[in-house]
Each structure stands twice: as C-alpha cells, then as structure tokens.
Amino acid sequence: MLLLEDPTILLNMHGEDHLRLRRIVASAFTPRRAEQARPEISKIIDRLLDDVESGGHPADLMTFARLLPTRFISQILGVPEEDGEQLLEWVSAWLSFALPREDLDRAANDFSDYARALVERKRAEPGDSLIDHIINAHDVEDRLSENELISMIRMLIIGGNETIANAISRSLFSLLSQRQHWAALLADRSLVPAAIEELLRHNPPGGGTTGLIRLATADVELTSGSGVIRAGQGVFTPLVAAGHDPAVFPDPEQIRFDRPKTHSTMQFGAGRHYCLGVHLARVELELTLNALLDRFPNLRLAVPPAELPWSEGSYGVGLTGLPVVW
Ligand code: HEM
C-alpha cells in the first residue's frame, strides 16, 4: 500500500483518532528522552566513523548517513543491527514513486509479518528500548491495539530514516561546497544548533518534492488575494518554498547562522502533525556534526559539487553518494 493511502498511519489520521494515538506515544518522544538517547547515538556515530577512518579516503559518507538512522531505529525497536538493511529496503519501497504495485504490496506484507513477530517477542521478553515504552505507553487506561502498534512502528521507521540521512547529506553538501561555513563551525562550536536549523531551512531534506499534503475541510480565502481554496481540494505546500520566502528570510539563498530565531522554517511541519521525532532528530544531527568536526576538521568533497549524484523517484531527495577526503 502506498504511504499516502494507508489510513492507519499517524500522518494520515485526523481529529480525535490522531490525537488519541499521539497522546499515547507522546511520553516516548519528549526532549528528556531524546537527551537520554545521547550516549547510545554517540556510540553508534563513533563506531561508524571508526569504519570511515579505518577505510581510508576517499570515503563515501552516504554509507554513514544511511546507517546512522537505521542503526538507531534498530536500537529503538530493539532489533538486531543486521535487520537495519531490511528496514531500509522497506522504507525505500514505501517512499518510491517508481516501484510496481505488487512490489509495494509485498513490502507491506513482509513488514507486517516482521513487526507482528517483533511485538510478540517484546511482549514475551520486555526490555528498556523505546519500543517497550511505546508498547507499554498508555493514556489513562488506553493503549495501542496490535494493528495500531504495527502502524506506529511503520511510521517510526519511515519518519526516522531517510529524513535523517537526507538531512545529513544535504547539510554536508552545503557546508563542504561553501567551505567557509564549515570553517565557521570549526572556529565556534556554539553555532552548531543554529547551523542545523539554518542548513535545514536552506537545503531541506524534503527538497522540492515533499511538502505538507492536506485536504481543505472548509473554503479558505488566501490572504495574498490570489484566490480561494475550496473545501475538498488538495493542497501541497513545498517545504523548500516555506524556507525560502524572502519576506520571512531575507536573502534566502544565503546561509547565515545568525538569522534571528523568530520564524519557524516548517522543516519539521506545523500544527497537529508536527514531527514527533523532532527532538531525536536535532540530537542526531548535532552529535553527527560535532563528531565530524572533531574527527575530520580537514573534511573536503572529493569531487566538484556538480558531480555529486542525487536520488530520483522518491518522496525524499538526497545524495546517493558523498565522496570525501580529509
Ligand atoms: C531531519 C529529520 C526529520 C525531518 C526533517 C522530519 C520532518 C517531518 C515533517 C515535515 C513532518 C510533518 C509531516 C506532515 O505534517 O504532513 C513529520 C512528522 C513526523 N515525524 Fe519527522 N522528521 C525528521 C525526523 C524524524 C524522526 C527521527 C522520527 C522518529 C524517530 C520522526 C517521526 C515522525 C512522526 C511519527 C511524524 C508524524 C506525526 C503526526 O502525524 O502526528 N521524524 N516529520
């Protein structure tokens, strides 16, 4: 089933049904929980960067960018690291525009079997990973049903994989193709959190192809005076446009780590569906950037920026290779 067609997935739910599910899992996604995840995320980053370093250069940092979120999601789910590649294959299938329907259906069925077995295993042998908290999470007496749990696991795997890989690859692309920004971070690490927001705004993981997809439930007159969106019409808001509105972000093509923090760039969405994993995402990106600055201060692209390969045919757009030297 296509991601956009699945009515049980958090992103596609509305009103009370959506609120109820968010309420149940909210406690697993607090800023505190994201902070507590720092040591395990750092450990994954260190191990992956050990591999990069020992492999010598040029190295393809896309391997790192893809494996970090996958390994972390595997830990969240309490599944073996080796299953990460399989999780990634499912995510790529769900996000693809290009796959035949039968391949999509097979990916959905295989995943459901996998997730059901995982939940059974966790119920029999509870642990302390985030999935245990989600299984046990409840709002007063309310818990997730079996099918809701499977959909929630699917949502987390989708939400937390390509987004992070693309955010890492796009941010590094910006920093290394305009290396004065890399130098600025080396000189002043306190800029890293602001840099992450600015890099996401400037070169968003969703690129031009993804945005917030909505169905108008009432007629809305546009404040620009350019017309009315009628109830029942579909609306697509490309996130790249939101972050490049010159009325909100003067000189939007410029990367500036000192932009006033007055406006949301919408890169994590807005309103009721605001990204549940936003705190985890920020921690993953901050630790990644700091680890790379620590270990590879002389990091440079190994090829001219125009020669880097970009993905096609998927909701998320990122690099497919990121050769670097140091
Ligand atoms: C840089 C990384 C990330 C970006 C840019 C991002 C972006 C977004 C955006 C734009 C939305 C809103 C979509 C909409 O309203 O249609 C969203 C929702 C969501 N994200 Fe993220 N995300 C990131 C990382 C993560 C991570 C790490 C997780 C979980 C581990 C996650 C889980 C979710 C979930 C569950 C939702 C659905 C929330 C709902 O529908 O109520 N995201 N994300």
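Contact, as used in this report, means heavy atoms within 4.5 Å. The structure is a predicted model, in which local features need pLDDT of at least 70 and side-chain atom pairs count only at pLDDT 80 or more, while totals for chains, interfaces and linings use all residues. Residues are numbered from 1 along each chain as its sequence is written, and side-chain values use heavy atoms, with hydrogens and water left out. Helices (H or I, at least four residues) and strands (E, at least two) are DSSP runs, numbered from the N terminus.

**Buried positions and their contacts**

Burial is expressed as relative accessible area with a 1.4 Å probe and protein chains only: buried is under 20%, exposed over 50%, and partly exposed in between. Alanine 34 belongs to helix H2 (residues 31–36). Apart from neighbours within four places in sequence, alanine 34 is in contact with His279, Leu280 and Val283. Arginine 71 belongs to helix H4, and its contacts, with neighbours within four places in sequence again set aside, are Ile44, Arg47, Leu48 and Glu81. The table lists the accessibility of four residues.

| Residue | Relative accessible area | Class |
|---|---|---|
| Alanine 34 | 2% | buried |
| Arginine 71 | 19% | buried |
| Cysteine 275 | 26% | partly exposed |
| Aspartate 251 | 52% | exposed |

**The iron site**

Cys275 (SG), at 2.3 Å, is the only protein donor of the iron atom of the ligand. Donors are N, O and S atoms within 2.8 Å of the metal (3.2 Å for Na, K and Ca); water is not among the atoms, so sites may look incomplete. Cysteine 275 sits in the loop between helix H12 (239–243) and helix H13 (278–295). Proline 252 is 23 residues from cysteine 275 in sequence, and the two are 23 Å apart in space, C-alpha to C-alpha.

**Helix packing**

Eight of the eleven residues of helix H11 (residues 192–202) are buried, and the helix is mostly covered. The buried set consists of Val192, Ala195, Ile196, Glu198, Leu199, Leu200, Arg201 and His202. These buried residues pack against helix H9 (162–177), helix H10 (180–187), H12 and H13.

For helix H4 (residues 61–77) and helix H5 (residues 84–95), the axes come within 9 Å and cross at roughly 105 degrees. Axes are lines fitted to C-alpha atoms, for helices over the stretch in contact, and angles run from 0 to 180 degrees between N-to-C directions. H4 and H5 are therefore roughly perpendicular to each other, a class that covers 65 to 115 degrees. On the H4 side, Arg66, Leu67, Thr70, Ile73, Ser74 and Leu77 meet Gly84, Glu85, Leu87 and Leu88 of H5.

**The sheet**

Two strands pair if DSSP finds at least two bridges between them. Three strands form an open sheet in the order E1-E7-E6, with antiparallel pairing. Strand E1 (59–60) and strand E6 (300–301) stand at the edges with a single partner strand each, so one side of each is left without a neighbour in the sheet. E1 and strand E7 (residues 323–325) run antiparallel and are joined by two bridges; within this pairing, aspartate 60 has proline 323 in E7 as its bridge partner.

**Backbone features**

Most residues other than glycine have a negative phi, and most peptide bonds are trans. Histidine 57 and proline 58 are joined by a cis peptide bond, with omega about 5 degrees. Proline 58 lies in the loop between helix H3 (38–55) and E1. Aspartate 251, a residue other than glycine, has a positive phi near 45 degrees; this aspartate lies in the loop between H12 and H13.

Conventions:
Parallel < 35°, antiparallel > 145°, perpendicular 65-115°, else oblique.
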